[in-house]
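Here are my notes for a first reading. Please keep the structure open beside them.

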Amino acid sequence: MIVVEQGWLRRAQRRAPQERTFGRLALVGSVLFVAYLVATLAGAPKDLLSLVFSILMGPVPFVVWWAYRRAPSTFRRPMLLLACAASLWLLGSVVWQVFYVAGGNKVPHSPGLWDGFFLGARLLVILGLVVAMRSLISFRIAALDASVIVAGGLALGAPFVRQGLEHGGTPAALLTLNRPILSVATLMLIVSAALGSSDGMPFSMALLGVAEVPLMVGNLIYSYAAVQGEYVDDRWANLAWGAGAIAAMLAAMVIVLGIDRRIRLPAHGRIPEHPAGSKLVLAMSVGTLAVGLGVACYGLLLDSRGLVLTGLLASVLIGLAMALRAKGSIQSAEEAYRRLDRSLAETERARDALAVANEELGRANVRIRAMHVAFSDLLNLADERANGQMRQLIEETGDDLARLLEDQLQRRRK
């Protein structure tokens, strides 16, 4: 036990410097984001904020490629895809910056050439996560959960899209909706891995999920402004994307420093025979269903056939996804109960076999005790007939054997 504890202590001491380095990096990232947030809230010039965002986003591909070089062999393929995605993100930002400067430091209208790079980066991120977590998640459940969120988001965004198209927005700007939709798909992959894996998920992937939250917020801001035809101020979207860039670099540094480990969600608060988070998924599904029906009712009030159809279609899609997910959960619960029944039957058979073995052991003990009593009586009778010489002979024989063994041990020592 002492050896094991000392080995664990040595491993902890070896990891401590890397973990302290990661803590310092996280502190620096937090300070940078707070300073960026304060500057944005204080109304700093847009050109200065764009420069700060470029400084934050620029190192991301290089850090991810560094993580690819340091990643274990089993993790190199997904890291390669994520590194390529980060490179496309940087290229898209450079292209956008070229259009921004060429247009007189004015935000260019979307969609544009840069959106192709961002779309490719997003698809590579999803592919990398699929490769990295194919053994941790059920893609069927992840797809159903993502469809629920996407349907609810589309239903909620339909009134804003309608308003934007009526006030100068262009149908082409709807292409920018791929950003928040794919962000939702990415986040749901990570959430499904966190909720559905009994072995936990890598800390680096969890941090990537944290990074995806502000990235999704930035994509929502970007798409909303693009659809409204008012995307003239990129400071708030850049603020969210900057936070995502910092978190993404921290996720990569976990691999670079060699401190990646499995983390698990707490086991309490679960529905029996269901993955962690089942209650949360159920509440989320009911909430999005209410959103879809609410949009349909809002369309009726405005006499808008498009909103009514959007709300109803979203509600039908959400209800179908809920039904399929419930069916899968019921099937998994039935299979679990069948396994439990088989385990109980095997336990009963083992208990019966143990009872039989105990009975046989009891009978054997009775026979042994009877034989011991009979042998003792026989020995006493023989000793009486030999006038006590039998017991003396046995004791002398024991003493001779003891001396003989002692002599043997002394010769072996010499």
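1. Contacts across the sequence. Among the contacts in the protein with a separation of 6 or more, 78% are accounted for by residues 24 or more positions apart. These contacts come from a predicted model, and the points on confidence below should be read with that in mind.

2. Elements. The protein has 12 helices and two strands. Read from the N terminus on, the order is α-α-α-α-α-α-α-β-α-α-β-α-α-α.

3. Burial and surface. The protein has 414 residues, and 36% of them count as buried. Its accessible surface comes to about 24500 Å², with 67% of that belonging to carbon and sulfur atoms.

4. Confidence. The average pLDDT of the protein is 75, and 71% of the residues score at least 70. By element, the highest confidence is in H3, at 90, and the lowest is in helix H6 (residues 139–166), at a mean of 66.

5. Two stretches to treat with care. Over residues 1–9 pLDDT stays under 50, and the model has zero contacts beyond four places in sequence for them.

6. Helix H3. Which residues of helix H3 (residues 60–70) are buried? They are Val 60, Pro 61, Val 63, Val 64, Ala 67 and Tyr 68. Because the buried residues fall within an arc of 165° when H3 is seen down its axis, they line one face of the helix. In general, an α-helix has 3.6 residues a turn, so residues three or four places apart point the same way. Phe 62 and Arg 69 lie on the other side of H3 and are exposed.

7. What H3 packs against. The partners of the buried residues of H3 are helix H2 (46–57), helix H4 (76–102) and helix H9 (235–256). H3 is also the element with the highest confidence.

8. Thr 186. Helix H7 (residues 178–196) contains Thr 186. Is this residue buried or exposed? Thr 186 has a relative accessible area of 1%, and since buried means under 20%, Thr 186 is therefore buried.

9. Neighbours of Thr 186. Leaving out residues up to four places away in sequence, Thr 186 touches Arg 122, Val 125, Ile 126, Leu 129 and Glu 212.

Conventions: Residues are numbered from 1 along each chain as its sequence is written. This is a predicted model: local features need pLDDT of at least 70, side-chain atom pairs count only at pLDDT 80 or more; totals for chains, interfaces and linings use all residues. Side-chain values use heavy atoms; hydrogens and water are left out. Helices (H or I, at least four residues) and strands (E, at least two) are DSSP runs, numbered from the N terminus. Buried means under 20% relative accessible area, exposed over 50%, partly exposed in between (1.4 Å probe, protein chains only). Contact means heavy atoms within 4.5 Å. The arc is that of the directions from the helix axis to the C-beta atoms. Accessible areas come from the Shrake-Rupley method with a 1.4 Å probe; for residues, only the protein chains shown count as cover. pLDDT is the predictor's confidence in each residue, from 0 to 100.
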